[in-house]
Amino acid sequence: MKLASLKQGRDGALVVVSNDLAWCADAGHIVPTLQAALDDWDRVAPLLENLATDLAHEAIPMRRFHEHAAAAPLPRAYQWADGSAYVNHVALVRQARGAEMPETFWHDPLMYQGGSDGFLGPRDPIPLADEAWGCDLEAEVVVVTGDVAQGATRDAALAAIRLVGLTNDVSLRNLIPGELAKGFGFFQSKPASAFSPVFVTPDSLGDWWHDGKLHRKLMVDLNGQPFGRAEAGEDMTFDFGTLVAHAARTRRLGAGTIVGSGTVSNRDADGGPGRPIAEGGVGYSCLAEVRTIETIRGGKPETPFLKRGDTVRIWAEDDRHHSIFGAIEQVVE
């Protein structure tokens, strides 16, 4: 089942979307918003599944689904916690700035709590007031949970995952060092994130979802050129069950909590840093990583951060090269 929120008010209008993303059906007679559905998931989910079946059989009124008309599936959420599950990415960034990486990073996930009071839609522009802030894209996988008890096990956390999607978790890289130096985490350096047009139930992903990981390529284009084709299921040190359980170690998580994977990152085939697509590698899911590798190899970064007018596109495909979640496509303004 694929769910989306059309732009309407602050919390959107919930629709069920066809598997090919061509059509949608209004779900308002069942539940008005995705958050309301998550709050009452056990009762509502079967009704939405029936609606999705009727949509597939063209047995109900339906209309074209236009991704540009979609808000983030959860236009605002009670909680947005972003992890850093691809420790390869963390290790590279620290290596570039000459910082030693603690061994605990391989066993204890990194996670921060981001702003969740207003997310960007998949076609909304990236607002950038000052290019000197070092605007970066970050292509990630996300999950949305139901209620998760404090101290939940990994298996219990996995069972609580209701939906899977994608995000562009925008970072202002040049503001990060100063904020981290204060010892109090990200704030100004992490503006609003954008999400894929649809979120998908794990069972609908079939074999592409197992062991708490999405096993598809995360496709990233920058200004119309291939930039990243990393495999989201590879080199993921911490699966989503582990990430959700980590978030719930000392607190319960409310239904509608979004948990991110962090920047998807693959090692090269020889075990070293990833290579650009033009050099036969799988590329990157953020600019910071390619800049890091340029620094390691040549002493300084060459690739610039995002400028006004740049276009970022993030999506994932099925075996027939059809989009699974729809595409995040944003212009920097």
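Residues are numbered from 1 along each chain as its sequence is written. In this predicted model local features need pLDDT of at least 70, side-chain atom pairs count only at pLDDT 80 or more, and totals for chains, interfaces and linings use all residues, while side-chain values use heavy atoms, with hydrogens and water left out.

Rings of Phe, Tyr and Trp (its six-membered ring) were taken to pair if their centres lie within 6.5 Å, with planes under 30 degrees apart counted as stacked, over 60 as edge-to-face and the rest as tilted. By this rule the count comes to seven aromatic pairs. One of them joins Trp 80 and Phe 119 edge-to-face, with 6.4 Å from centre to centre and 90° between the planes. This pair links distant parts of the chain, since Trp 80 lies in strand S5 (residues 80-83) and Phe 119 in the loop between strand S6 (111-113) and strand S7 (135-136), 39 residues apart; strands (E, at least two residues) are DSSP runs numbered from the N terminus. With buried meaning under 20% relative accessible area (1.4 Å probe, protein chains only), Trp 80 counts as buried at 2%, and Phe 119 is buried at 9%.

Phe 195 and Phe 199 also form an edge-to-face pair, at 6.1 Å centre to centre and 85° between the planes, and both residues are buried. Trp 80, Phe 119, Phe 195 and Phe 199 form one aromatic cluster.

A charge was taken to sit over a ring if NZ of Lys or CZ of Arg is within 6 Å of the ring centre and within 35 degrees of the ring normal. Arg 64 lies over the face of Trp 23, at 4.7 Å from the ring centre, and Lys 190 lies over that of Phe 186, at 5.8 Å from the ring centre.

Terms used
Helix = DSSP H or I, 4+ residues; strand = E, 2+ residues; numbered from the N terminus. Buried < 20%, exposed > 50% of the residue type's maximum accessible area, 1.4 Å probe, protein only.
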